[in-house]
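Reader: Could we go through this model together? I'd like to ask a few things as I look at it.

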Amino acid sequence: MTLLPERLLTGYRNFMAQRYANETMRYKQLADQGQTPETLVIACCDSRSAPEIIFDTAPGEIFVVRNVANLVPPYAPDGEYHSTSAALEFAVQSLKVKNIVVLGHGRCGGIKAALDGDSEPLSPGDFIGKWMSLVAPAADAVSANELMTPFERQTALERISIRYSLRNLRTFPCIDILEKKGRLTLHGAWFDISTGELWIMNPETGDFLRPDPEEVGAPAALE
Ligand SMILES: [Zn+2]
């Protein structure tokens, strides 16, 4: 009987022998004192865009919520099940994070599904279709742009959806208030899987820019 896939068991053994062994004190401290991450990252479920890997973070450093296409729905206190809003509520109200980063990525399957509006649902529930309908107006507008190549349309919607999620974040009263008080900062970023480039959104213009290599800095020296 296989209790877990072999790859996960091997990975766990390596984790215990290496990372946990090296960071035992940090884990014990986090267990005793609780977590105090300063940043919430909202990222896609895509296996290629894990924030902990991209930002090279240690345990306890970032609080992460992942969903299909890194979308934030609008604030809707309607008694329904809102997993992303629950994570936001906890990160902002209880952990009191100082930053929220919406991290999109290239070649996003959720965004592709939104652009291929006529494709068949994967199941009768069509949960992806319902979820991606959050960005349907933008998807329709981008799809209708015949001057763009399919790749450009895909990238455009990936970035529009980041701006859309940032706008929806501000519909949450607690986020809006804390941002206006200067205690919370919202950021947008887009990760290019094929090159490793991280494009960062200018908060004033909404444009995505590749930071100068000097701004990002040289790779940190390994201790
Ligand atoms: Zn994705």
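Reader: Is Asp 56 buried or exposed?

Author: Asp 56 is exposed, because 10 other C-beta atoms lie within 10 Å (a residue is exposed at 12 or fewer other C-beta atoms within 10 Å of its own, buried at 20 or more and partly exposed in between, with C-beta atoms placed from the backbone). This is a predicted model, in which local features need pLDDT of at least 70 and side-chain atom pairs count only at pLDDT 80 or more, while totals for chains, interfaces and linings use all residues. Residues are numbered from 1 along each chain as its sequence is written.

Reader: Where does Asp 56 sit, and what is its phi?

Author: Asp 56 lies in the loop between α4 (51–54) and β2, where helices (H or I, at least four residues) and strands (E, at least two) are DSSP runs numbered from the N terminus. Its phi is positive, about 50 degrees, although Asp 56 is not a glycine. Most residues other than glycine have a negative phi.

Reader: What about Arg 107, which has a positive phi too?

Author: The phi of Arg 107 is about 55 degrees, and this residue is in the loop between β3 and α6 (109–115). Arg 107 counts as partly exposed, because it has 16 C-beta neighbours inside 10 Å.

Reader: Switching to the sheet, what is the strand order?

Author: Six strands form an open sheet with mixed pairing, in the order β2-β1-β3-β4-β5-β6, and two strands pair if DSSP finds at least two bridges between them. β2 (62–67) and β6 (208–209) stand at the edges with a single partner strand each, so one side of each has no neighbour in the sheet.

Reader: How many bridges does β3 make with β1 and with β4?

Author: β3 pairs with β1 (residues 39–44) in the parallel sense over five bridges, and seven bridges join β3 to β4 (residues 185–191), again with the strands running parallel. Asn 99 of β3 stands opposite Thr 39 and has Thr 185 as its bridge partner in β4, while Gly 104 has Trp 190 as its partner in β4.

Reader: And how covered is β3?

Author: β3 (residues 99–105) is mostly covered, with six of its seven residues buried.

Reader: Last topic: how is the protein divided into domains?

Author: An automatic or database domain assignment supplies the bounds, which give domain 1 (1–33) and domain 2 (35–211). Their centres, taken over C-alpha atoms, are separated by 29 Å. Four residues of domain 1 are in contact with four residues of domain 2, where contact requires C-beta atoms, placed from the backbone, within 7 Å.

Note on methods:
Contact = placed C-beta atoms within 7 Å.
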